[in-house]
Amino acid sequence: MLVIKNANIVYLSSVVHANMVIDEDTGKIKAIKKVLNKEEESHQTIDAKNGFILPGLIDIHTHLRDLQQSYKEDYHSGTMAAAHGGFTTVIDMPNKKPEISSVKELRLLNAIIKEKANIDVIPALMVKKCLESQKSTINRYYYPYYKLYLSGTTATTGETLDFALNWLKNNRFRVVMSHCEDEQFFVTNEDCQSTPHAHNICRPPQAEENSVKNFVESLVYNSFLDVGKIHISHLTLPTLVDYLHEKIKHGYPLSFEVTPHHLFLNTSDHDHLGSFAVVNPPIRPKEVQKQLLVKLLEEKIPIIASDHAPHTEEEKRSKNAPSGIPGLETTLPLLADFVFKKKITLNYLIRLCYLNPIKLLGLSPYWPFRAGTLANLVILDLKSEWKISGETFLSKAKWTPFEGWSVHGRVLVTLYRGNLVYFCDDVSK
Ligand SMILES: [Zn+2]
């Protein structure tokens, strides 16, 4: 038995100061009570120090690498980083080395996940390669989560996209997550990956805008609208937030996410971040970023995802810096700081990082907390101020564009199925 004392347990519209008794064997909450009995008092105790207990968060966009890129991240380090960031479920993207594009590869990957992961990791399957392997091995196969790239080496576009959408329609799915950038708008030059300034010119906002709108039109063309959910990854443009809301209002099964780096960074950060800021889609100019932030304050963003994309510092410093930023350990602190500053509510934070993701994915809920629910939870200290430092990360990528930022919102404890997967030194007795 494990007992959490002095906790503020967060519910849908209230916060209750109480103790939580957890059965580690079943992984479930045994009781939530104001006063503990003698027997309960004798168990291992965690002092929540009046911190807030939230459901374990869900990050629907991560790149946990492993396989041939274990030097960047593997399922052990990646899931420890997730636990440190307050997450107990992550979706892992298939553009690995090698790509995850068939049922066979998926099975092998799941075996590695089972061996190394400390929390739930759900891999997404690559759409394009699925089609290729379908010719030989997959006839009819149901898998719930797919990733579709509309640009890059794994791109599925034009007639292939129509074919892919029809293939998915016949095989069924739950969510297709889509990277929307239209390569026709890309400007290629040799500096595209060496400086963020050049990178922005190489992948202009029109590429994203055109891709999202064309994609939505192709969904209509392929009568795709009552088949499954289409989720747009890492949206950066406030105008597209309005566009998608309009479509959702008309019944389109669309969803989208925004990343913390597009919400909190802008091109004026490029000088000091250098090639560490190279990411797809690029960080946008200040006026665009500020308007995107307004969409957050207006609660118009349904999901925040980290797009955790770890690379080594050496790789990021090189002339051909790979795109991507690690984010699992900074997402919750950055959002919690906004809760502390009363810019967003704790309830909205839970919608962004738990409720809307769990609904989209169709997973079993474990919140609001009561006796019998799975003990996937995070204890968050919202009072003390601290500085983000890459050195403290459990990810193999020990760098962050938010280095030195002062925030409120430190993760004290993360419990996965009733067991401690992360705890800071000063809470366990
Ligand atoms: Zn990504």
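## Ground rules

What you're looking at is a predicted model, so local features need pLDDT of at least 70, side-chain atom pairs count only at pLDDT 80 or more, and totals for chains, interfaces and linings use all residues. Residues are numbered from 1 along each chain as its sequence is written.

## The big picture

Let's start with the whole thing. The protein has 14 helices and 17 strands; helices (H or I, at least four residues) and strands (E, at least two) are DSSP runs, numbered from the N terminus. Along its principal axes, the C-alpha trace spans about 70 × 50 × 45 Å.

Of the 429 residues, 48% are buried. Here, buried means that 20 or more other C-beta atoms lie within 10 Å of a residue's own (12 or fewer is exposed, in between is partly exposed), with C-beta atoms placed from the backbone. Among contacts with a separation of 6 or more, 74% come from residues 24 or more positions apart. Two residues are in contact if their C-beta atoms, placed from the backbone, lie within 7 Å.

## Two domains

The domain assignment gives domain 1 (2-53 + 371-423) and domain 2 (60-361), with bounds that come from an automatic or database assignment. Taken over C-alpha atoms, their centres are 28 Å apart. Where they meet, 26 residues of domain 1 are in contact with 37 residues of domain 2.

On the domain 1 side, the elements giving two or more residues are strand 15 (377-387), strand 16 (406-416) and strand 17 (419-423). Strand 16 gives the most, with seven residues. This side of domain 1 divides into 17 nonpolar, seven polar and two charged residues. Ala, Val, Leu, Ile, Met, Phe, Trp, Tyr, Cys and Pro count as nonpolar, Asp, Glu, Lys and Arg as charged, and the others, Gly among them, as polar.

Two strands pair if DSSP finds at least two bridges between them.

Strand 7 (residues 87-92) is joined to strand 8 by four bridges, and Ile91 has Ile122 in strand 8 as its bridge partner.

Another open sheet has six parallel strands in the order 9-10-11-12-13-14. Its edge strands are strand 9 (125-126) and strand 14 (303-304).

Strand 11 (residues 175-179) is largely enclosed by the rest of the structure, because five of its five residues are buried. Val175, Met177 and His179 point one way from strand 11, while Val176 and Ser178 point the other way. Strand 11 pairs with strand 10 (residues 145-149) over five bridges, and with strand 12 (residues 229-232) over four. Lys147 has Met177 as its bridge partner, and Val175 stands opposite Lys229.
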